[in-house]
Amino acid sequence: MENLIKRLQVEAGLTEEQAKRSVMVVMDFMDKEGMDIDWSKYLTGKYEKIKDQSKSFFDSLSHKAKEYSDIISDKAEDLMTEAKRKVRDISEDLKK
C-alpha cells in the first residue's frame with residue numbers, strides 16, 4: 001500500500017493526503033462495482049494504519065466544519081442584532 005501511495009505522489013504529483021484519499025476512492029469504487037477483491041489479503045497489516053489515518057482525516061474535517069459552523073452562526077447572530085438595531089432606530093425616527 002505504501003508503495004502505491006508513493007507512486008501516486010511521484011508519478012501523479014499528488015500530496016500524501018491526496019494519494020491516500022485516491023486509494024480510498026478506488027477501493028470504494030471497486031467494492032461498489034462488485035469487483036471481487038480480497039482487501040484483507042491486499043492490506044494485511046496495513047488496514048489499521050489506513051483506518052487510523054481515515055479517522056484522523058474525518059475528525060479533522062469534522063473539526064473544520066464545526067469551526068465554520070460556529071463562525072457562520074456568530075456572523076448570523078451579529079447580522080440579526082444589527083438588523084434589530086436598525087429597525088429600532090428607524091422606528092424611533094418615525095415617532096419623532
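Modeller: Let us begin with the surface of this predicted model: the protein chain has an accessible surface of about 8,100 Å², and 57% of that area belongs to carbon and sulfur atoms.

Biologist: What percentage of the residues of the protein chain count as buried?

Modeller: A residue counts as buried when its relative accessible area is under 20%, and in this protein chain of 96 residues 11% fall into that class.

Biologist: How many helices and how many strands are there in the protein chain?

Modeller: The protein chain holds 4 helices and 0 strands, so that the pattern, read along the sequence, is α-α-α-α.

Biologist: Turning to the charged side chains, how many salt bridges does a search of the whole structure find?

Modeller: The general idea is that a side-chain nitrogen of Lys or Arg must lie within 4 Å of a carboxyl oxygen of Asp or Glu, and the search of the whole structure finds 6 such salt bridges. One of them joins glutamate 17 to arginine 21, whose closest N and O atoms are 3.9 Å apart, and these two residues both lie in helix 2, which spans residues 16–32, at a spacing of 4 residues, or about one turn of the helix.

Biologist: Which residue meets lysine 32 in a salt bridge, and at what N to O distance?

Modeller: The partner of lysine 32 is aspartate 28, at 3.2 Å from N to O, and this pair also lies in helix 2, with the two residues 4 apart, about one turn of the helix.

Biologist: Where do glutamate 82 and arginine 85 lie?

Modeller: Both lie in helix 4, residues 47–95, where they are 3 residues apart, about one turn of the helix, and their side chains meet in a salt bridge at 3.9 Å from N to O. Glutamate 82 is partly exposed, with a relative accessible area of 36%, and arginine 85 is partly exposed at 43%.

Notes:
Residues numbered from 1 in each chain as written. Predicted model: local features only at pLDDT ≥ 70, side-chain atom pairs only at ≥ 80, totals over all residues. Heavy atoms only, no water. Buried < 20%, exposed > 50% of the residue type's maximum accessible area, 1.4 Å probe, protein only. Areas by Shrake-Rupley, 256 points an atom, 1.4 Å probe, with all protein chains shown as cover.
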